[in-house]
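Subject: Structure for you to look at

Dear colleague,

Here is the structure I said I would send. My notes on salt bridges and on one helix pair follow below it.

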Amino acid sequence: MNAVKSANDAKEKARQLQSTLYLVAKANPKRRFHALYDKVFREDVLLEAWERVKANRGSGGIDGVTIGFIKQEYGEQRFLEEIGKQLREGMYYPQAVRRHEIPKADGKLRPLGIPTVRDRVVQMATKMVIEPIFEADFKACSYGFRPKRDAKGAIRCIQQTIRKGVSWVVDVDIRGYFDNIPHDKLMTLIRQRISDRRILKLIGQWLKSGFVKDGQLHKTEIGSPQGGLCKALHNPPYEK
């Protein structure tokens, strides 16, 4: 019961933090946030991040550590305390992702990058902190990889627009988008809203962490791995 209460408290505190960040960012579109890193290793944020990673399930990364192992043998509290300590002391370093390829409908393979569970928790905690800031800048018509928005919602929006008299629909897809994201341009866009050097360093490390395939480590100078935390947050506290 105490564990449930603790998790619920963490969820509520994390939602309050997100709501505050969203409202501040919305009120000032030109504001750059410089004090975010200390929020990533807050106990409530890390606990809520862990709960979301558990809910998303997924397999382990290159270290072989699984969610089940942490829950049943290693200890969840010990695991989160170690992550918090590493972040506070500047001793956290991400590992390379495990490359796994899955077949697509057209017969081609889609490469997925699977981070370690530890990295997924830190990524989720960071995502919880910075996502509300960027959410404040999106247009209402944007549906890609956003909280509580999906392809079905985009289709409904198109249908409503057509009923208003619009007669053209343009369908555009960027081939291999995630594989070709330029790191320098991405970081330039992030810096428009975030000036916290430790947050920027974290993101840069994840982009450059590389991937392991067939036992070989490959560097990543471009692109971002699919399979991490592109999914939207659960029940975000901000709405359009």
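Arg52 and Glu48 are both buried. Please keep in mind that this is a predicted model. The two side chains form a salt bridge, with N and O 2.7 Å apart. Both residues belong to helix 3 (residues 43-56), where they sit 4 residues apart, about one turn of the helix. The pair is also part of a network of salt bridges that links Lys11, Glu48 and Arg52.

Over the whole structure, the search gives 14 salt bridges.

- Arg42 and Asp44 are joined by a salt bridge whose closest N and O atoms are 2.7 Å apart. Asp44 is buried, at 12% relative accessible area, while Arg42 is partly exposed, at 28%.
- Asp38 and Lys39 form a salt bridge at 3.8 Å, N to O. Lys39 has a relative accessible area of 19% and therefore counts as buried, the limit being under 20%. Asp38, at 37%, is partly exposed.

Now the helix pair. The axes of helix 5 (residues 76-88) and helix 6 (residues 117-135) come within 11 Å of each other and cross at roughly 65 degrees. This crossing is right-handed. On the helix 5 side, the contact is made by Phe79, Leu80, Glu82, Ile83, Gln86 and Leu87; helix 6 contributes Val117, Arg118, Val121 and Val122. By type, the contact residues comprise 7 nonpolar, 1 polar and 2 charged.

Regards

How values were computed
Residues numbered from 1 in each chain as written. Predicted model: local features only at pLDDT ≥ 70, side-chain atom pairs only at ≥ 80, totals over all residues. Heavy atoms only, no water. Axes fitted to C-alpha atoms, helices over the stretch in contact; angles between N-to-C directions. Helix = DSSP H or I, 4+ residues; strand = E, 2+ residues; numbered from the N terminus. Left-handed = near helix turned anticlockwise from the far one by under 90°. Contact = heavy atoms within 4.5 Å. Nonpolar A, V, L, I, M, F, W, Y, C, P; charged D, E, K, R; others polar. Salt bridge = Lys/Arg side-chain N within 4 Å of Asp/Glu carboxyl O. Buried < 20%, exposed > 50% of the residue type's maximum accessible area, 1.4 Å probe, protein only.
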